[in-house]
Amino acid sequence: MAKLVTSLNIVAPDDFYERLIRTHEGLSDDESAALNARLILILANHVGDAEVLNEALETARKAAR
Amino acid sequence: MLQDRYSLAFRLYPYQRSADQDAPTPVRHPVVVGGGGPIGLAMALDLGRQGIPVVVLDDHEGIGQGSRAICFSKRSLEIADRYGCGDAMLEKGVVWNVGKVFHDDRQVFEFNLLPEQGHKYPAFINLQQPYFERFLFEQIEAERARGAPIEIRGRNRIDAVEDKGNGVELTVMTPDGPYTLQADWLIACDGANSPIRGMLGLDFEGRVFQDSFLIADITMKSASFPTERWFWFEPWFKSGASTLLHKQPDDVWRVDFQIGWDIDRKEEMKPENIRRRLDAMLGADVEYDIVWSSIYTFQCRRMRKFHHDRVIFAGDSAHQVSPFGARGANSGMQDVDNLGWKLGLVIKGQAPGTLIDSYNEERIHGADENILNSTRATDFITPKSKTSHVFRNAVLDLAEDLPFARSLVNSGRLSVPCTYDGLSLNGPDQLKGGPARTRPGSACPDVPLEDGYLLNRLGDGFVFLTIDADAPESIEDDGMTARHVALTTMDDPSGALAERYLGTAKSAVYLIRPDQHVAARWDHFDDAALRKALRKARGKD
C-alpha cells in the first residue's frame, strides 16, 4: 500500500519552487550539494515514517533518465 | 622452525616437554584449543571450570605486546565475572562515560553513556588487551589449583589438521620437533588470520575497507586530558582524516589516526613521523613518550559456517569487524559464553551433538549484527564516495543545533549483547506485560539485590528464576538439574527487578540458560511447560 503522497500536496507550488531555487543563489556547486544534503536530512526526519521514506528513495531513484 | 611473530608482554607458559611427545601412539584429548589469545584462554577457562579436560596450544610462551583491544563491554565483564575474574579487570580498568565529537575545530556535541543504575559492571572499561588476557590466565591458574583440568602448552604450533570425522588429528611443532595429537573437538581461537581455517581450506568472505589506521599509545609528561572519549572528524590539526583519543590504565592514552590507504607503512611507522602527527594534534610544547605504535587495516567478514564437524571457530577466526564499536574481542567473549555450556553438555552426554548447530545459528546472528553495525560506522567515519562524504558532513553540520542529527552521527555504535530473537533454542514468551528487554533470547540484565547482584545468583547452570511465584527447589530432567532462584520484588527495593523482569505482570517464571540468556518465560510455574522448554534449550526437540 503506497503511503507516499504523489498528488499535489504543496500549497502554492510555484512559490515553493522559486524559494527552493533562490535558497541556492550565490552558492558554489559544492555548497549547493551540501545544502541539498542538509535539506534532505531535515525533511526526512520530519517525515519519519520508514515506509514513506523508502518509497521516496525508490521513487527518486527510478525517476532517473 | 618456530619463529616469534611478536614480542611478549608477559611470559607465562614457557615450553615444557609434554609426555604426549613421547607417547608411542598419538594421545587423544577431549578438547584442544588452538590459540592462547583472550578467546582461547576464556574458552579453556569455561570448559575447565566444568571439569572438561582442555589443552591449549599456543605458538608463543605468553601474552603478546601491544594494547590492541582496549574497550571491554559490560557483557564481557559479566562473563569474566562468571569465571571469577571480572572484579580484577574492573579494578585495573578505566571507567568512562563522557564522549565528545568534534568536526574540524568545533565540538559538534557531547554525550554521556549515563549508565543505568543497579548493574554490577559499568557499560565499558578501557583496559589494554595484555591485562585482560593476564587476568584470564591468572583465573586459569586459580582454577587449576582447585583441580580444573586445563593445560597450556607454550611453543606448540599447530602445523596440520586432519578431519577424522569423529575427531581431528593435529601435527604440532615444538622446539623438540613435531608430534601428533588427537582431539574429539578442536576449537580454533587463532585470530583473524586463522592458520587452522587456512589448513582446512575454509572461506572467510566480506568487505575490505581501503583505509589504514595508525595507533600511537602515549604517556603524557607535561599535560593531560580528562577521562573521556574524544573523536574528531576531519580534525583541524590534519593528522588524519579522523582521530580518536581515549584513556587506558597506567596513564596511557590511545591515539588512533586514520591515515588513508595508499601509504608507505615503513615510512609512517618511523618515530619522527608519528611524532609529527602527534605534535600537530597536541601542540609542539607538549611532552610525551610513545609506548607502542602500530598500523592496522581491517575487513568486515565472517565464515559461512563457524562449525565444521569437530572443528569449531570462535572469535576473530570466525568473524572480523572494524574496531569502531568495540565489537571484536567483546563478540569473541560472547562466542565463548555461548559455546562453553553447549560443548560441555554434549561432551557429558547431556545434550545431542546437534546442540552445537545452535552455536552456529546464534553466533552467526550475533556476527551479522556486529558486522552490520561496524560496517555502518566505518562508512560514516570513512565515506567512500563524494556524495557519502557530503551527507556525512551535512549530518555533522546539523548535529550541533538539531538533536535528531546527533543520533545519526556514528563514530561506532558501542557493543551490546545481541538477542537471539526467534532462534531454535527459544521457548515460549508467555509473560503478558513482560518487558521487551528480557524476552526469550535476551542476555539477562543485572539487578541489585540486598545481598549482591542477580547475575551472581544465576551462576552458570540452567536456572529457573521466579519472582513472586511458587515453584519446587529444583527440577531434574533427563539427568540434568535446573536450580531454582526464588526472588520477590521485596529483594530489590530499588524496583529494578520489577522494571526489568516483570513489567506490568504480577509474577514471573524465567528459564535461564547457563550463559545467562533467557530461554523462556511465563507468568506462573508450570512443570510440564518448564521441562519442555528445558529440553528445547538443550537441542532435544
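Author: Two strands pair if DSSP finds at least two bridges between them; strands (E, at least two residues) and helices (H or I, at least four) are DSSP runs, numbered from the N terminus. The model is predicted: local features need pLDDT of at least 70, side-chain atom pairs count only at pLDDT 80 or more, and totals for chains, interfaces and linings use all residues. Residues are numbered from 1 along each chain as its sequence is written, and chains are lettered from A and ligands numbered from 1 in the order in which they are written.

Reader: Which strands stand at the edges of the open sheet of eight strands in chain B?

Author: The sheet has the order E8-E7-E15-E16-E17-E14-E18-E21, with mixed pairing. An edge strand has a single partner strand, so one side of it is left without a neighbour in the sheet. In chain B this holds for strand E8 (106-112) and strand E21.

Reader: How many bridges join strand E14 to strand E18 of chain B?

Author: Strand E14 (residues 205-220) and strand E18 (residues 288-302) of chain B run antiparallel. Along this pair, B:Val208 stands opposite B:Gln299 in E18(B). The number of bridges that join E14(B) to E18(B) is 13.

Reader: Which residue stands opposite B:Arg301 in E21(B)?

Author: E18(B) also runs antiparallel to strand E21 (residues 319-320) of chain B, joined by two bridges. The residue opposite B:Arg301 is B:Gln320.

Reader: At about what angle to E18(B) does helix H9 of chain B run?

Author: Helix H9 (residues 355-381) of chain B lies across E14, strand E16 (242-248), E18 and E21 of chain B. Axes are lines fitted to C-alpha atoms, for helices over the stretch in contact (C-beta atoms, placed from the backbone, within 7 Å), and angles run from 0 to 180 degrees between N-to-C directions. To E18(B), H9 runs at about 120°.

Reader: In the open sheet of six strands, what is the bridge partner of B:Ser474 in E27(B)?

Author: That sheet of chain B has the order E22-E29-E28-E25-E27-E26. Strand E26 (474-477) of chain B is one of its edges, with a single partner strand, so one side of E26(B) is left without a neighbour in the sheet. E26(B) and strand E27 (residues 480-487) of chain B pair in the antiparallel sense over four bridges. The bridge partner of B:Ser474 is B:Arg483.

Reader: Does B:Asp478 count as buried or exposed?

Author: B:Asp478 is in the loop between E26 and E27 of chain B, and its phi is near 55°, a positive value in a residue other than glycine. A residue is buried if 20 or more other C-beta atoms, placed from the backbone, lie within 10 Å of its own, exposed if 12 or fewer, and partly exposed in between. With 11 C-beta neighbours inside 10 Å, B:Asp478 therefore counts as exposed.

Reader: What does B:Asp309 count as?

Author: B:Asp309 is in the loop between strand E19 (307-308) and strand E20 (311-313) of chain B. Its phi is positive too, near 50°. Because B:Asp309 has 15 C-beta neighbours inside 10 Å, it counts as partly exposed.

Reader: How many residues are in the largest nonpolar core?

Author: A nonpolar core is a set of buried Ala, Val, Leu, Ile, Met, Phe, Trp, Tyr and Cys residues joined through C-beta atoms within 7 Å. In the largest core, B:Met43, B:Ala44, B:Ile187, B:Ile312 and B:Ala314 touch the most other members. The number of residues in this core is 78.

Definitions and conventions. Two residues are in contact if their C-beta atoms, placed from the backbone, lie within 7 Å.
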